[in-house]
Structure formats: structure tokens, C-alpha cells
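I opened this notebook to keep track of what I looked up, one topic at a time. I wanted each entry to start from something I could find again on the screen.

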Amino acid sequence: MANTSNQRKKALIIGCGIAGPATALFLKRVGIDSIIYEAEEQIDDYAGLFLNLARNGMHVLKELGLDEQIRQKGIVMHAMKMVSGKGKLLGNIGQMSGEPQGFTIKRGILHKMLREEALCQGISIEYGKRLIGIDTNEPHRVKVSFEDGGIVSGDMLIGCDGIHSRVRRIVMPSAPAPSYTGLLSFGGFLHSNTIPNERGIQTMVFGKRAFFGYLVRNAEEVYWFGNMNYPGTPNRRELQSIPQAEWRRTINGLYANDIAPIPEIVRSTEEEIGVYPIYDMPSLPVWHDKSIVLVGDAVHATSPSAGQGASLALEDALVLAKCVRDIPDVELAFSEFQRLRRDRVERIVKYSRSIGKRKHATNPVQVFFRDLMLPLFLKSFNNDTNRWMYDYNVDWNEKVTV
Ligand SMILES: Cc1cc2nc3c(=O)[nH]c(=O)nc-3n(C[C@H](O)[C@H](O)[C@H](O)COP(=O)(O)OP(=O)(O)OC[C@H]3O[C@@H](n4cnc5c(N)ncnc54)[C@H](O)[C@@H]3O)c2cc1C
């Protein structure tokens with residue numbers, strides 16, 4: 001029998017990344033109490049580089065009343081200027097007029113903002129809680145166990161534990177694993193007032209040996225990232241164990257012969273250069289099981305090329321809470337959540353991967369054809385073809401019906 005009791009429900013949220021606190025905030029609005037359990041002992045506000053909050057993600061933050069902070073602390077992004085390795089303009093994505101495509105923000109700032117809002121609204125976050133087991137033997141209840149020996153139970157479990165989700169591996173052991181795209185992402189920050197800066201524009205260069213992108217905040221702080229081909233199936237820890245001096249040597253070498261200001265940006269980078277492998281998720285047959293559902297990267301991680309990972313996690317949070325608000329049966333609500341979200345997120349994962357593939361080209365023939373074809377592709381992109389991605393805006397007040 002379905003659990004449609006009117007008693008206040010309790011959600012166990014696994015993972016305090018971006019999806020975790022956003023989901024807890026929306027669930028609170030619909031009368032569900034959440035506790036967030038995070039594996040890390042403490043949060044490193046400097047972990048991660050920066051990410052894009054696309055217009056669609058900003059719509060969700062506006063609903064939470066948090067968009068203004070992003071406008072103040074982030075870098076507005078109207079257009080991307082695409083440049084060939086020889087310095088030739090291949091085209092622009094986006095327009096300088098109208099609503100921006102989004103904002104670029106340090107992940108640590110977005111993360112802190114969501115955590116603080118959750119705490120401010122009385123939502124508990126428990127650190128050092130690495131989920132290791134799930135028990136669903138009791139109908140309509142979920143019991144989870146943590147590595148530290150703790151056990152808790154609730155009416156539903158929301159797996160917000162990122163691309164290598166333990167929740168997913170336990171609940172859906174035969175689900176496909178994340179797939180490595182063959183690319184690493186790396187980048188950093190520096191202070192400089194000599195790097196050319198066009199407000200609202202990110203410059204992307206198909207460098208001779210690797211892709212490079214940069215943007216400037218307030219004419220003084222440069223954010224940059226690069227992508228390079230990398231063999232095997234590396235994990236973050238492995239890459240972190242390679243000494244910084246070695247990464248710096250490799251990355252300086254990669255861009256040494258590229259157009260200005262790339263070599264200078266890389267050389268002058270302050271502090272650490274962060275390096276991450278890029279994975280994305282193949283399509284999962286189902287996103288939920290009994291009173292357990294996956295959200296964000298745990299179910300549909302996308303490579304960063306489309307700049308949509310965080311925005312999709314935020315959209316999920318809002319749509320999931322609406323489903324739970326309007327459909328009293330939790331399992332039915334989760335099934336509707338999957339139905340409402342699946343086509344959109346899978347289309348974006350595919351689209352992002354296709355952009356990433358263009359970054360792989362390094363041999364002269366591939367580069368020739370890419371530089372020839374890309375202007376045509378960029379024209380079609382500007383032809384409003386991607387409005388479906390950026391203009392998605394779910395009305396919180398509209399009822400979900402099945
Ligand atoms: C440290 C870090 C740095 C990142 N840096 C960037 C970046 O520079 N650029 C970019 O585009 N994206 C970055 N991302 C990814 C980006 O945050 C996500 O793609 C996106 O925001 C979706 O968020 P999410 O909440 O689904 O997943 P995530 O943000 O990955 O959050 C998942 C959370 O779950 C926790 N967790 C994992 N396993 C368990 C477990 N067993 N029990 C309890 N908790 C668990 C993790 O510690 C993490 O806090 C980063 C993610 C992390 C974790």
C-alpha cells in the first residue's frame with residue numbers, strides 16, 4: 001500500500017554538494033524536514049575551480065532568493081568568443097544584449113551560499129557521514145548506515161552524492177558506470193590588470209595542443225581553464241598525487257606556443273592549478289527505487305563543456321520538491337520526477353559531450369576541418385536553437401498532475 005500519510009515526512013539527503021542543500025531548501029518549503037549527510041569531515045571552500053550558472057540555473061536561484069548574490073560575486077557572461085589556434089575569430093556564442101547566458105562563479109562561493117542558506121533555515125548538515133549501506137526492508141522507510149557506525153532512518157532518501165554516487169551503486173548495482181570523456185579539466189586564478197578584458201565575454205581558444213578559456217572579473221582577477229587529452233581512466237585522487245611542479249611544467253609546455261595572453265596567464269597563475277578528470281553519465285534505465293531517488297550528478301552528470309552541471313542539479317531540486325508536494329505517494333512522485341526531467345538532462349549530457357569532442361582535435365587535418373566547420377555550427381547555435389536549454393523555467397506554483 002502506498003504511503004500517503006499526512007504526517008510530516010523526513011528526508012535523508014546524502015551529499016552536501018550543490019544538489020543536496022538546494023533539494024533540502026525546496027523540500028522544506030513543501031513541509032518536509034531534511035538532514036544532509038556529507039562524507040567529508042569539513043568543507044574546503046577552495047575546492048573546485050569555477051562553474052557556470054546558466055540562465056536556467058539562475059531562474060532556480062531566483063526562486064530561492066539567492067540570485068542577487070551570484071550577480072554580485074560572479075562574472076556576467078553574455079557571449080563566448082571562439083578563436084582558432086592562429087588567433088582567427090571563429091564566431092561568437094550568445095549576444096551582448098538581452099538577458100545574459102549566465103554567470104561564472106567560484107564553486108566554493110556558490111557552495112557556501114547554499115550551505116549557509118540551509119543552516120539559516122534550520123536544516124542540519126552533518127559532516128564526516130559517509131554512507132555505506134541502505135536497508136529498505138521496512139515498507140515506506142529507508143535506513144542508512146555510515147562508515148562511522150551511525151544509523152539513521154527516514155521516509156525517503158535523496159541521493160545527491162555526485163558522479164561516483166554510492167547510493168546509485170547500492171540501489172542500482174547493474175546501472176552503467178560513469179564514462180570517461182578522455183579529457184582532463186584544469187585551471188586556476190591570477191590577479192592581473194594587463195590581460196585584455198571585454199566585459200561579459202569569455203574567450204575560448206582552440207590552442208595548438210589543448211583547449212583554453214579565460215574571463216576576467218572586475219578587470220583584475222583572471223579565471224582560466226584548459227582541457228587536454230589524457231589516457232586511461234584517471235580518478236581525481238590519482239591526479240592530485242602528481243606534484244604541482246609537474247603539472248605546471250606540463251601545462252606551461254602545452255600552451256608555450258599559443259597566442260597571447262595564454263602563456264602569460266598560465267605562467268602567472270597564483271596558488272595551485274586544480275586538475276580534474278571529466279566523466280559523464282550514460283543514460284540510467286531508472287532514477288529511483290522504492291523511497292530512494294537520485295538527483296544531480298548522481299544520476300545525470302554532464303561534462304562541463306555546456307556549462308550546465310550545477311544548473312541541472314538546481315533544476316532537479318525544484319522539480320523534485322514540486323512532485324513530492326503534489327503527489328502524496330512518494331514512489332509515484334519520484335517516478336513523475338524522472339519523467340519530467342529525463343529527456344531534457346539526457347539531451348544536455350549528449351550535447352555537452354559533442355562540444356567536448358571538438359576540443360580533442362590536435363592533428364592538422366582535424367584542425368583544418370574544425371576551423372572550417374565551426375563558424376557554421378556557431379551560426380546555427382545563435383539561431384535561437386539553444387533556447388530550449390537556457391530558457392527552461394519551471395513555475396514553482398504550477399501544480400504537477402499525473
Ligand atoms: C570538490 C568538488 C569540486 C568541483 N569542482 C567543479 C568545478 O571546478 N567545475 C565544475 O563545473 N564542477 C565542479 N564540480 C562538480 C559540480 O559541483 C557538479 O557537477 C554539480 O554542481 C552537481 O552537483 P551535485 O551536488 O550533484 O554533485 P557534487 O557537487 O559533486 O556533490 C556531491 C557531494 O556528495 C558527497 N558524497 C559523495 N559520496 C558520499 C557518500 N557516500 N556519503 C555522503 N556524501 C557523499 C561529496 O563529498 C560531495 O560533497 C565539483 C565537485 C566537487 C565535489
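The entries below follow the order in which I went through the structure.

**Entry 1: the kind of model**

Before anything else I noted that this is a predicted model, and I kept that in mind for each entry after this one.

**Entry 2: helix H1 and its surroundings**

I began with H1, which covers residues 19–29, and asked how many of its residues are buried. I found that nine of its eleven residues are buried, so that I could write H1 down as mostly covered. The buried residues are Ala-19, Gly-20, Pro-21, Ala-22, Thr-23, Ala-24, Leu-25, Phe-26 and Leu-27. I then looked for what they pack against, and the list holds strand S1 (10–14), strand S2 (33–37), H4, strand S12 (156–159) and H10. Just after H1 I came to Gly-31, which takes a positive phi of about 85 degrees.

**Entry 3: H1 against H4**

For this entry I reminded myself that two packed helices are described by the angle between their axes and the distance between the axes. H1 and helix H4 (residues 107–120) pack at an angle of about 35 degrees, and their axes are 9 Å apart. I noted the crossing of H1 and H4 as left-handed. On the H1 side I listed Pro-21, Ala-22, Ala-24 and Leu-25, which meet Leu-114, Arg-115, Glu-117 and Ala-118 on the H4 side. When I sorted the residues of this contact by class, there were six nonpolar, no polar and two charged ones.

**Entry 4: the three-stranded sheet**

Next I traced an open sheet of three strands, whose order is S3-S7-S4 and whose pairing is antiparallel. S3 and strand S4 (75–77) are its edge strands, each pairing on one side only. Neighbouring strands in this sheet are turned against each other by 30 degrees on average, with direction ignored.

I followed the pairing on each side of S7. Strand S7 (residues 102–106) pairs with S3 over five bridges in the antiparallel sense, and here I found Phe-50 opposite Lys-106 in S7. S4 and S7 also run antiparallel and are joined by three bridges, with Val-76 having Phe-103 in S7 as its bridge partner.

Two helices belong in this entry as well. Helix H2 (residues 55–63) packs on the sheet and touches S3 and S7, its direction making about 80 degrees with that of S3.

Which way do the residues of S7 point? I recalled that in a regular strand the side chains alternate between the two faces of the sheet. In S7, Gly-102, Thr-104 and Lys-106 point one way, while Phe-103 and Ile-105 point the other way, and all are buried.

**Entry 5: the seven-stranded sheet**

I then turned to an open sheet of seven strands with mixed pairing, in the order S6-S5-S14-S15-S16-S13-S17. Strand S6 (89–94) and strand S17 (270–280) stand at its edges with a single partner strand each, so one side of each is left without a neighbour in the sheet. From one strand to the next, the twist averages 20 degrees.

At the S17 end I checked the pairing with strand S13 (residues 179–191), which is antiparallel and has seven bridges; Phe-186 stands opposite Val-275 in S17. Helix H7 (residues 244–255) packs on the sheet, where it touches S13, strand S15 (211–217), strand S16 (221–229) and S17, and its direction makes about 80 degrees with that of S17.

**Entry 6: the shell around the ligand**

How many residues surround the ligand? I noted 31, the closest being Gly-15, Gly-17, Gly-48, Gly-162 and Gly-296. Two or more residues of the shell come from each of H1, strand S3 (50–54), helix H9 (297–300) and helix H10 (309–326), and H10 has the largest share, with three residues. By class I wrote down 16 nonpolar, seven polar and eight charged residues for this shell.

**Entry 7: Val-349**

My last stop was Val-349, which has its place in helix H11 (residues 330–360). Why does Val-349 count as buried? Val-349 has 23 C-beta neighbours inside 10 Å, and a residue is buried if 20 or more lie within that distance. Leaving aside neighbours within four places in sequence, I found Val-349 in contact with Asp-280, Met-281, His-300 and Thr-302.

Notes:
Residues are numbered from 1 along each chain as its sequence is written. This is a predicted model: local features need pLDDT of at least 70, side-chain atom pairs count only at pLDDT 80 or more; totals for chains, interfaces and linings use all residues. Axes are lines fitted to C-alpha atoms, for helices over the stretch in contact, and angles run from 0 to 180 degrees between N-to-C directions. Helices (H or I, at least four residues) and strands (E, at least two) are DSSP runs, numbered from the N terminus. A crossing is left-handed if the near helix is turned anticlockwise from the far one by less than a right angle, and right-handed if clockwise. Two residues are in contact if their C-beta atoms, placed from the backbone, lie within 7 Å. Ala, Val, Leu, Ile, Met, Phe, Trp, Tyr, Cys and Pro count as nonpolar, Asp, Glu, Lys and Arg as charged, and the others, Gly among them, as polar. A residue is near a molecule or strand if its C-beta atom, placed from the backbone, lies within 6 Å of it. Two strands pair if DSSP finds at least two bridges between them. A residue is buried if 20 or more other C-beta atoms lie within 10 Å of its own, exposed if 12 or fewer, and partly exposed in between; C-beta atoms are placed from the backbone.
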